[in-house]
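My notes follow in the order I took them.

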Amino acid sequence: MHKNNHQLVNYSDVLDAEFGKPGTPQRIEAEEKAYAFYTGQIIEDARKKAKITQAELARRIGSNRSYISRVESGQTEPKVSTFYRIMNALGCNIEFSMRL
């Protein structure tokens, strides 16, 4: 009979080991990269749902396709004002709510 060794994993410990403790320069850098990637995925998903090419989106915001590609891949994070222009060009609404 095969015995399974299921162990619970504390992902906070995994993140700490991989990227450093919260607040350290290494962890801050990893979090910034993760936010850039996540932002890019939001934009790419919205663009695809709107059935718009990268080139068309770039034209709508006065940019170029390579910039949109870099944003969607997480290589570049747009300024907040550019993010708003992108989302507006895609017909998206942005809503904020407070976490309590």
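I began with Arg59, which is exposed at 57% relative accessibility. The model I am reading is predicted.

Next I looked up the partner of Arg59. Arg59 forms a salt bridge with Glu56, and the closest N and O atoms are 2.7 Å apart. I checked where the two residues sit: both are in helix 3, three residues apart, so about one helical turn separates them. Glu56 is partly exposed, at 24% relative accessibility.

I then noted a network: salt bridges with shared partners join Asp16, Lys21, Arg27 and Glu31. I went through two of the pairs within this group.

Pair one. Lys21 forms a salt bridge with Asp16, with 3.4 Å between the closest N and O atoms. I looked up accessibility for both ends. Lys21 has a relative accessible area of 51% and is therefore exposed, the cut-off for exposed being over 50%. Asp16 comes out at 17% and counts as buried, since buried means under 20%.

Pair two. Glu31 forms a salt bridge with Arg27, and here I read 3.5 Å for the closest N and O atoms. Both residues belong to helix 2, which covers residues 25-49. They are four residues apart in that helix, so the separation is about one helical turn. Glu31 is partly exposed, with a relative accessible area of 33%. Arg27 is buried, with a relative accessible area of 10%.

How many salt bridges does the structure hold? I find eight. Among them are Arg59 with Glu56, Lys21 with Asp16 and Glu31 with Arg27.

I placed Gln54 in helix 3, which runs over residues 54-61. Is Gln54 buried or exposed? Gln54 is buried, because its relative accessibility is 16% and the limit for buried is under 20%. I also listed what Gln54 touches, leaving out residues up to four places away in sequence. The contacts are Arg47, Arg65, Ile68, Ser69 and Glu72.

For the exposed side I have Lys21 at 51% and Arg59 at 57%.

Notes: Residues are numbered from 1 along each chain as its sequence is written. This is a predicted model: local features need pLDDT of at least 70, side-chain atom pairs count only at pLDDT 80 or more; totals for chains, interfaces and linings use all residues. Side-chain values use heavy atoms; hydrogens and water are left out. Buried means under 20% relative accessible area, exposed over 50%, partly exposed in between (1.4 Å probe, protein chains only). Contact means heavy atoms within 4.5 Å. A salt bridge is a side-chain nitrogen of Lys or Arg within 4 Å of a carboxyl oxygen of Asp or Glu.
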